[in-house]
Structures are given as C-alpha cells and as structure tokens.
Amino acid sequence: MIASANRVRSAGWLVLLGLCVAMVLVLAFRVNALRSQIHRAEARIIALKQDKMYLETEFETRANQQQLKVWNDVEFGYAAPDASQYLEGERELASLSVPDMANTPEPIRVASMDDRVIASAAFPAMVSPLSGKALTSANDTDDSEAQVRRARMDHAEAVVTLKDRLGTVVEVAPRKPVRTETVSEKERAVAPAKKPEKKVAKAEVSGKVETAKSDKANKAGKANNPKGDKTKSKQAAKETADKPAAKKAKARAEIRAAGRKEAKATG
Amino acid sequence: MNALTASTAIASGRVRLANVRQRSLVEAKLRVLMVAFLFLLTGFGALARIVQLGLFEEPPERRSLAEALLPPRGEIADRNGFPLARAFPIYALWFNPKALGADGSSLVKSPEEVAAALMQVFPDADFNDLVQRLKSDKPSYLRRRVMPEEANRIFAMGEPALEFPRENQRFYPQGSLGAHVLGFVDGEGKGHVGMEKVLEKQLLDPAQRGRPVALSIDMRVQGALEDELGRGMMETSAKGAAGIILDVDTGEVVALASLPSFNPNRSDMAYNDLVFNKVTNQVYELGSTFKPLSVAAAIDAGVITDLSVRYPANRPLEISGFSIRDSHDFGDSLNVPEALIHSSNIVTAQIADKLGSARMKSTMAALGMLERPYIELPARGFPISPRSSGKGGQWSRLSTMTVSYGHGISVTPLHLATAYATLVNGGLWRPATLYKVDPANAPEGRRVFKASTSARMRQLLRMIVVDGTGKSANAAGFRVGGKTGSADKPSSKGGYNRTSVVATFAAAFPMDKPRFVVIVMLDEPQGTVANSFQRTAATNAGPIVGRVVPRIGPLLGIVPDDSRDIDISDLSPLVRNGDGE
C-alpha cells in the first residue's frame with residue numbers, strides 16, 4: 001500500500017516534470033518563433049531601407065543638377081527671382097495698397113447664400129442603383145448635422161422639399177420650416193410639387209434614382225411612363241405642401257411604398 | 001548445537017538485514033542530496049545565464065540590423081544632406097563562357113552578332129575588343145557599370161553567358177558635378193584626388209562610416225557655378241575655367257569648380273589631366289584683383305589717409321629699367337577711388353612704393369599668399385612670390401610695385417578668395433574648409449585689416465562695380481562689389497605673352513553685409529563674337545559673376561533688394577566716370 005502510494009507520488013512527480021518540460025518546450029518554441037518573426041521583420045526592414053536607398057539614388061541621378069538644367073533650358077525656362085518678386089514683411093506688403101481717393105466707388109459686395117441648399121437640390125445625395133439607399137461617402141466625415149442629413153436625403157425628398165428648402169436661407173432642415181405658410185402660398189406650392197413627384201415615380205420604377213433630373217427629364221419621364229402611381233404621389237405631394245412638418249414623413253413613407261409596389265409589379 | 005546454529009543464523013540474518021536497510025537509507029539520502037545538488041546547480045546555471053543575458057549580452061537584432069545597413073564605404077553628402085557619393089550596388093556586365101556548359105559554344109549566336117547587338121546598347125564600346133572577349137574562353141567584365149535599362153536590353157538578347165552581377169561600387173548621383181572636390185574611387189576601392197582621398201580612413205572605419213560626412217558644398221550652388229562657368233568658357237573659347245564661392249564668415253567653400261571636369265563615375269577613365277584642380281593647385285598671376293588688397297594695406301598702415309589725394313597717372317612709371325604702364329590713358333592724375341575704378345597700375349604702384357616692401361610683404365604673408373592654401377584637399381599649389389633680396393629678406397622696390405597690381409606673384413584662385421573674404425568680412429583671415437561649419441563654432445581667425453579699413457574697402461569695391469570696370473557683374477538687387485583682373489600670362493621665352501590672358505573677377509555680395517565671395521577665372525579666353533572680341537575680365541569673367549549671383553543668392557538666403565545698398569555717397573563725388581581695363 002505504502003509502496004503503491006510512493007509509486008503514485010513518484011508518478012505524479014514524473015507527470016509534473018513532464019508537464020514542466022512540455023511548458024518549457026512550448027515557451028522555447030514561442031520564443032524561437034518570436035525570434036524568427038523579428039528576424040523576418042528585420043530582413044524586411046533591411047530590404048525596404050535598401051530599396052529606399054536605390055530609389056532615392058535613382059531619383060537623385062535622374063534629377064541631377066545638370067539634367068535639371070537641361071530640362072529647364074528646353075522645357076520650363078524658369079529664371080532666378082528678381083527683387084520685385086520679394087516682399088519683406090507686412091510693412092512692404094501694406095505699402096503696395098493705395099488709400100481710397102475721393103469719389104472712389106464703394107467696393108462691390110456680393111451677398112452670399114448658403115449654397116449647400118442649392119447643391120442639395122440640384123445634386124441630391126448619391127443613391128445606390130441596386131438598393132435604392134443613399135450612399136454616404138467615406139470622405140464625407142464632416143459631422144455637421146446638415147451634412148449628415150443631406151447625405152441621407154434621397155432624391156424624392158430632395159425634390160419634394162425643394163421649395164421649402166429654397167425658401168429658407170440658413171436652415172437646411174426640410175422638416176422645420178421657419179415660416180408659417182399662407183393659403184395662397186399653399187396653393188402655389190402644390191403646382192410645382194407635381195412634376196417632381198412624377199419623376200420620382202418613374203425613377204423608382206426604372207430603378208434609376210441616383211441622378212438629378214431636370215424638368216425636361218421629368219417631362220420625358222411623364223411621356224414614357226404614363227401609368228405611374230400618379231394618384232398616390234399627387235396626394236402625397238399635396239399633403240407635403242399642406243402640412244409640411246407632420247405630413248411629409250407620412251408622404252415619404254407612401255412614396256416609398258408606392259415605389260416598392262411598382263418595382264414588384266415591373267420586376 | 002542445532003539450536004545454536006539456527007539462532008546464530010537468524011541473528012546474523014537480522015544483522016545483515018539491518019545493515020542492508022541502513023545502507024540503502026544512506027544511499028537514498030545520498031541520491032536525494034545528489035539530485036538536490038544537481039537541481040541547485042541547474043538552477044544556478046539558469047540564473048547565471050539569465051543574468052548574463054540580461055546584463056551583458058547585446059540584443060542580437062540591433063547588431064545585425066546595423067551591420068546589414070552599414071555601407072562598405074561611408075557616404076559623402078552636401079551641406080543640406082543630399083548624397084554626393086555613396087556606395088551603391090551597380091550592375092556590371094560579366095561574360096561567363098561556362099554558362100551553357102563546359103563544352104560547346106558559349107554563346108547562342110555568333111560572337112560577331114552579339115558584339116554588334118552590344119554596340120547598339122553601348123555605342124562607345126570597341127567592336128573588335130568585344131568580339132575578342134566573346135570568343136575567348138576566359139570570363140571577363142565586358143563593362144563595369146550598366147544602367148538598369150541597358151541591362152534589360154541586353155537581357156532581352158537572350159544570351160545566358162551575359163550575366164549581371166550586382167557589385168558594390170562608388171556612385172556619384174550628380175555625375176561630374178563637384179568632381180574635383182569629391183575625387184573618385186578606383187577599381188580597388190581606393191580614394192583619389194579629392195575628399196575621397198582625404199577621408200579614406202574615416203569612410204572605411206566601421207565605427208564612423210554609418211554616418212554621412214557633410215561637406216560645406218551646396219550641390220545647387222555648385223550646379224549653378226559649374227553651369228555658368230561652362231557657358232562662359234564656351235562663349236569665350238577659353239582653355240579652362242575655375243570658380244569658387246566662399247562663406248566670408250566661416251571660411252566654408254560653398255562651391256568649387258575647375259573646368260573642364262571629369263566623370264568620377266568612370267574611374268577607369270578618370271585618371272587624366274583633367275583631375276588637376278585649377279582652384280587649389282594651379283597658380284596664376286591674378287593681376288588687378290590684387291589692387292584692392294594693396295590699397296587696403298596702405299589704408300590700414302596709414303599711408304593713405306585722404307582718398308582725394310591725386311597721383312600722377314599720365315606717363316609710365318620707370319623703375320630699374322622697367323616701365324609700369326596702364327591699358328589706357330586715364331588723364332593727368334587719379335585719386336585712389338578712380339585708380340581702382342579704372343584699374344590703374346601706375347597709381348597702385350606708387351601707393352605700394354609709399355607703403356614699402358616690408359609692410360607689403362607682411363600683409364601678403366598675413367593673407368596666406370606666401371604659403372600653400374589652407375584647405376583639406378591634397379592638391380594644393382605652392383605660390384610663386386618674388387625672390388627676397390636686401391635686408392630682412394625684403395622684396396625689391398620693383399617687386400613690391402608689381403605685386404601691388406598682381407604681377408610677379410602667382411597664387412591659386414583659392415588664395416585670392418580667402419584674401420577677399422578677409423578684405424570684406426571686417427578684416428579677419430580664416431582658413432578655407434570643405435567641412436560644414438556651425439556658424440557658432442567658426443574659427444576665430446586672425447586680424448589682418450582693421451574693421452574700418454574693411455568697411456572702406458567694401459565701399460570701394462562696390463564703386464568699382466557701380467561705376468567702374470566691374471559693371472558687367474552688377475546683378476540687380478544683390479549689391480555686388482568686386483574687382484576685375486586681366487593678367488597677361490608669362491611666356492615660355494621670358495616676359496609676358498600679350499595674346500594669352502588670365503581673366504579673373506573677384507567679387508563679394510551683398511556689399512552692405514558681405515556673406516559670400518565669388519571668384520571666377522577664365523584661362524586664356526579668346527576674342528569671340530560673344531565677348532565682342534575682347535579678352536578682358538570685364539567682358540568675360542564679369543558677366544559670369546553677374547549671372548551666377550542672382551542664381552545662387554536666393555539659394556543661400558540672400559534676397560535681392562533694390563531699396564538697399566551700401567552707402568557710397570561720401571566717395572561718389574571723388575569719381576569722374578570712365579572706362580578702364
């Protein structure tokens with residue numbers, strides 16, 4: 001019994017030893033692996049540095065002073081700058097300006113409008129031709145609210161809300177018009193809203209929603225596709241014009257639903 | 001009996017058992033001790049190794065990386081760090097006749113065809129030599145340096161016997177630019193002529209060759225100087241040209257050119273007459289460019305106290321059977337500014353005569369004109385000065401007079417550059433150097449002229465360019481000051497050869513606070529259409545300075561400014577404008 005206990009203990013020690021050896025081996029392997037990785041990285045660094053040196057030398061050789069001179073003589077004709085091309089400090093810069101004489105006309109000032117409004121109307125956000133969803137470009141990292149909203153705006157929205165957005169100068173948000181509309185304005189708003197929504201219908205049907213369409217294109221669309229979902233769209237447009245804030249969302253939903261329907265029908 | 005034997009037997013068996021047990025116990029203990037000792041030893045060994053690794057062993061990766069990137073020969077860079085010379089693995093064209101097996105033809109096509117195809121890639125090669133090499137059984141270099149595109153064209157010929165081993169060679173990306181400064185490295189890897197020879201040890205030392213050696217040369221300035229010198233040399237059909245641009249405050253050589261030059265990339269062809277450095281090794285009589293130095297010595301010594309004093313100039317000066325004359329008749333008399341503006345030998349000789357031999361010689365010695373020039377380059381010419389005679393090794397009266405206008409003394413253009421730097425920088429002489437110098441650690445220098453003399457000389461030098469013989473060097477906005485010098489070359493038969501001239505222009509700019517000295521020298525310019533058949537410095541060397549300065553000024557941080565100049569209004573009334581030599 002004692003002997004067997006001893007045996008078990010020694011076997012335990014052996015196992016422990018084996019385990020330790022195994023762990024040491026694993027560690028050694030990992031160390032060696034890391035070493036060879038370092039070695040490889042080093043070799044790569046050396047190769048890259050040498051490549052850099054070759055390229056730099058080649059560049060220096062091809063663009064050496066004598067070669068540059070020949071190119072300058074034949075192609076560019078650059079000459080050394082003369083005294084008139086240098087300004088020494090703000091004082092000399094200021095000396096170039098002439099004070100206003102008597103009866104000098106006022107400088108012409110041009111009013112600047114927030115051109116993002118026009119830009120978003122004329123060139124609505126890019127829309128994927130496959131999914132119909134707006135594409136946000138990777139470069140568009142400007143986190144201003146207007147920028148993000150414009151990027152997400154699809155063509156239908158852009159056109160439908162064009163008038164509202166043109167009516168506002170700074171506020172780009174189509175859902176919050178800054179002024180309350182009178183009845184006559186509402187009536188006027190209905191008429192121009194008709195054309196764009198027809199275009200929407202056509203565009204969504206044909207799956208080409210991504211490009212901006214002029215009025216001409218709208219007319220062509222009307223001729224080609226007389227059986228679009230006119231009534232729904234018209235209704236949506238009317239509602240949009242009537243109660244801009246609350247109803248536009250609904251209108252958009254309907255437009256999309258109509259578009260999907262059409263797509264199913266044609267597809 | 002039986003019982004007794006049995007009991008003893010039992011007793012002895014027990015004793016033996018006890019012995020065995022004790023022995024095995026001792027043995028077990030010993031073994032445990034031994035194992036423990038072994039474990040301890042191993043542990044200590046491991047610990048010792050860890051300590052050794054941690055404390056004394058260098059990380060292997062760093063060493064190997066540094067070694068791998070260490071060039072076989074150190075790099076030479078210009079003052080802005082652009083490489084001027086570096087070790088670079090270049091393709092060579094090697095003919096290996098055994099490439100297609102030991103027996104049979106070594107080439108796919110006939111040697112003549114291959115040689116003809118090679119001639120198309122290298123038009124300068126020797127056809128017969130190529131055929132001979134291609135026919136022989138011995139492997140040999142067909143060419144030591146091949147451009148990658150040339151290698152591609154040869155590779156496309158499909159001859160396995162033509163191999164392209166990459167060999168580490170010395171490469172000069174700027175070609176012949178600054179060849180005399182750099183020198184070249186021969187086939188055995190030994191530096192010659194320029195800094196390659198001077199820096200040989202440093203460039204090969206493993207501890208130092210990892211860092212590029214920064215020279216004082218500015219590659220762009222060197223390019224501009226060589227370009228304009230080359231143009232001037234071509235326009236005047238001169239035999240050679242030399243130029244140097246020196247920083248007046250530190251003595252750094254920013255550019256140094258000796259034309260015609262050689263191509264250090266073709267070390268096999270580099271060892272010829274062209275490696276001779278005209279700036280540091282060749283001595284010339286530099287003529288009238290010495291006049292400002294003589295006048296400065298006279299002002300400094302108090303010999304000239306009044307610049308308006310007039311000296312007779314209407315007839316040649318007869319001294320010991322030798323007559324000193326001027327190129328033109330400048331009127332009855334000239335004052336000092338006029339004498340410099342018109343470059344009058346007669347008046348300068350009179351001033352030197354007043355100054356005396358001792359002071360003239362000591363000034364020349366202080367300017368380093370009587371010893372080899374100070375620069376790192378191995379090739380430095382020894383000046384030829386007049387023989388000393390009389391008491392205390394003085395020069396004769398005639399020699400003193402001729403030296404004052406740059407004849408009878410032959411120095412290198414570098415001597416002149418250092419002297420002009422002294423003249424304009426406030427009077428401190430500093431040795432020229434080709435190493436980049438931190439302005440804060442510039443050598444202190446030795447005083448040769450007073451600061452007031454230097455200030456006066458700046459005015460006079462500027463006047464020569466504004467009103468006198470140096471007009472052609474007057475680059476707009478750069479406030480150039482300087483002096484022309486057209487010296488007849490000594491003829492081999494004795495005396496001077498009137499048809500061969502050394503035309504020099506020594507200039508400094510900007511004169512209101514001089515920063516750089518520019519020396520341009522043309523060796524034997526000929527009268528051509530370009531220079532209106534004139535061989536003088538004013539028509540040949542002057543325009544080169546006038547073109548170089550606007551090109552290098554902005555590169556060296558000097559902005560052209562028309563609204564700024566040195567004040568010469570106190571001297572202007574002393575001068576009647578006229579043309580001189």
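**Numbering and model.** Residues are numbered from 1 along each chain as its sequence is written, while chains are lettered from A and ligands numbered from 1 in the order in which they are written. Because the model is predicted, local features need pLDDT of at least 70 and side-chain atom pairs count only at pLDDT 80 or more, whereas totals for chains, interfaces and linings use all residues.

**View 1. Chain A is built from helices.** Chain A has 11 helices and 0 strands; helices (H or I, at least four residues) and strands (E, at least two) are DSSP runs, numbered from the N terminus. Along the sequence the pattern is α-α-α-α-α-α-α-α-α-α-α. Of the 267 residues of chain A, 19% are buried. A residue is buried if 20 or more other C-beta atoms lie within 10 Å of its own, exposed if 12 or fewer, and partly exposed in between, with C-beta atoms placed from the backbone. Among the contacts in chain A with a separation of 6 or more, 65% are between residues 24 or more positions apart. Two residues are in contact if their C-beta atoms, placed from the backbone, lie within 7 Å.

**View 2. Chain B has both helices and strands.** Chain B contains 18 helices and 19 strands. Of its 581 residues, 46% count as buried. Residues 24 or more positions apart make up 72% of the contacts in chain B with a separation of 6 or more.

**View 3. Chain B touches chain A.** On chain B, 27 residues are in contact with 17 residues of chain A. The elements of chain B that give two or more residues to this side are α2 (60–69), β2 (83–95), α9 (219–235) and α18 (537–552). The largest share, 5 residues, comes from α2(B). By class, the chain B side has 15 nonpolar, 5 polar and 7 charged residues. Ala, Val, Leu, Ile, Met, Phe, Trp, Tyr, Cys and Pro count as nonpolar, Asp, Glu, Lys and Arg as charged, and the others, Gly among them, as polar.

**View 4. Strand β2(B) pairs with several strands.** Of the 13 residues of β2(B), 10 are buried, so this strand is largely enclosed by the rest of the structure. Two strands pair if DSSP finds at least two bridges between them. Strand β1 (residues 76–77) of chain B is antiparallel to β2(B) and joined to it by 2 bridges, with Ile76(B) the bridge partner of Ala85(B). The two strands form a hairpin with 5 residues between them, and Gly81(B) in the turn has a positive phi of about 90 degrees. With strand β5 (residues 166–171) of chain B, β2(B) makes 6 bridges in the antiparallel sense; here Ile90(B) stands opposite Glu167(B). Strand β3 (residues 140–146) of chain B is also antiparallel to β2(B), over 4 bridges, and Leu93(B) stands opposite Arg143(B). Strand β4 (residues 162–163) of chain B pairs with β2(B) in the antiparallel sense over 2 bridges, where Phe95(B) has Leu162(B) as its bridge partner.

**View 5. Five strands of chain B make an open sheet.** The order in this antiparallel sheet is β10-β9-β19-β18-β17. Its edge strands, β10 (253–259) and β17 (481–490) of chain B, each pair on one side only. From one strand to the next, the twist averages 10 degrees. Strands β9 (residues 240–247) and β19 (residues 516–523) of chain B share 8 bridges, and Ile245(B) stands opposite Val518(B) in β19(B). Helix α9(B) packs on the sheet, touching β9, β10 and β19 of chain B, and its direction makes about 30 degrees with that of β10(B). Axes are lines fitted to C-alpha atoms, for helices over the stretch in contact, and angles run from 0 to 180 degrees between N-to-C directions.

**View 6. Helices α11(B) and α13(B) cross.** The axes of α11 (residues 291–301) and α13 (residues 345–355) of chain B come within 10 Å and cross at roughly 40 degrees. That angle makes α11(B) oblique to α13(B): angles under 35 degrees count as roughly parallel, over 145 as roughly antiparallel, 65 to 115 as roughly perpendicular and the rest as oblique. Residues of α11(B) in the contact include Lys291(B), Ser294(B) and Val295(B), and those of α13(B) include Thr348(B) and Ile351(B). The contact residues divide into 7 nonpolar, 2 polar and 2 charged.
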